[in-house]
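Here is a short briefing to read alongside the model. Take a moment to look it over, and then we can walk through its core, one of its helices and its pocket.

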Amino acid sequence: MNNSIAELITERIDTMPPGERNAAQTLIANYPLLGLKTVAEFSMQAGVSSPTILRFINRLGFQNYPDFQARLQEELAAQLQSPHNRNESQPIQQDTTYPALDYTLENIRETFRHISEKQLGDIVRALTTARGNIYLIGGRFTDPVAQYMAAHMTVIRPHVFHITGQESAWRDRLLDMGRKDILIVFDIRRYQESLLHLAETAKSRGVEILLITDQWLSPIARFARHVLAARTGVPSAWDSSAALFVLAESIIREMTRQPDQNTAARIKELEELRLKNRL
């Protein structure tokens, strides 16, 4: 599988000069549709010159703008695929062996190849030093990852909440969200409109958004302060969430290791409470 343009940007953004970095960040915030516009429209929205846009796409490895747009069009088509479409496009296997492990491991390797230590470190610091609440939510198939991450984070630090219940009840949680809070959203193709509306409204209330998505980027990226893209595509009707779980576990592990946190004392106190309850 080719690297997505979002992955290429994440991999190379630290080496970009300011103008190209502005182009990269503007594209991520309007992914992928901004890249399908003309060079002039792209440059105007990014606030840089047309030559800067062309240097930016050259840095990503594209010889010209049409090649860059062709890749984005492929990604857009992949975003819109339903499980039925993906199932129909899979070749018929001649045997019953499905190399699920190979694809899963490759997804995990590629996910972490495109995430820098700085990017992960910035996210861990934001979560460990947050002065307000941390809320987590996912979509139809990704909410179990959000619940899993919330269960661990509750042990690590206070004021962690997994948003559950009917979508109509999510608006009630927005009432308590403000500028000191962080909302972690898991959203992969086909992206959930209700999560987009939740993130947009939370952002308007000053909440910092952390998006954990796939290599094609949920539209929530336009509202997110931090974006982590995981590989989810496998030769199946269904996407794989394995890399999402590993990303969540990596964040949990690094949060636990932060020297300025009282994590060890908190875990110790929790174990003592559990022991008392058993007795």
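A residue counts as buried when its relative accessible area is under 20%. With that cut-off, the buried residues of helix H11 are Ser 194, Leu 195, Leu 196, Leu 198, Ala 199 and Ala 202. Please keep in mind that this is a predicted model.

**Helix H11**
- What covers the buried residues of H11 includes strand S1 (134–138), helix H10 (167–174), strand S3 (182–187) and strand S4 (208–214).
- The 12 residues of H11 should span 16 Å at 1.5 Å a residue, and the end C-alpha atoms are 17 Å apart, which agrees.
- Just after H11, Gly 206 has a positive phi of about 90°.

**Nonpolar cores**
- The largest nonpolar core contains 47 residues, and Phe 42, Phe 56, Phe 68 and Leu 183 have the most contacts inside it.
- Helix H11 (residues 193–204) gives the most to this core, with 5 residues.
- A second, separate core has 31 residues, including Leu 120, Ile 182, Phe 186 and Ile 212.

**Largest pocket**
- The largest pocket has a volume of about 650 Å³.
- Its lining is made up of 26 residues, of which Ile 13, Gln 25, Gln 119, Arg 225 and Val 227 are the closest to the centre.
- Helices H1 (5–12), H2 (18–29) and H8 (117–129) and strand S5 (226–230) each give two or more residues to this lining.
- By class, the lining has 13 nonpolar, 6 polar and 7 charged residues.

Note on methods: Residues are numbered from 1 along each chain as its sequence is written. This is a predicted model: local features need pLDDT of at least 70, side-chain atom pairs count only at pLDDT 80 or more; totals for chains, interfaces and linings use all residues. Side-chain values use heavy atoms; hydrogens and water are left out. A nonpolar core is a set of buried Ala, Val, Leu, Ile, Met, Phe, Trp, Tyr and Cys residues joined through side-chain atoms within 4.5 Å. Buried means under 20% relative accessible area, exposed over 50%, partly exposed in between (1.4 Å probe, protein chains only). Helices (H or I, at least four residues) and strands (E, at least two) are DSSP runs, numbered from the N terminus. On a 1 Å grid over the protein atoms alone, a cavity is a set of points where a 1.4 Å probe fits but cannot get out, and a pocket is an open set with protein on both sides within 12 Å along at least five of seven lines; lining residues have an atom within 4 Å of a point. Grid points are joined across faces, edges and corners, and a volume is the space filled by probe spheres set on the points. Ala, Val, Leu, Ile, Met, Phe, Trp, Tyr, Cys and Pro count as nonpolar, Asp, Glu, Lys and Arg as charged, and the others, Gly among them, as polar. The expected span of a helix is 1.5 Å times one less than its number of residues. Contact means heavy atoms within 4.5 Å.
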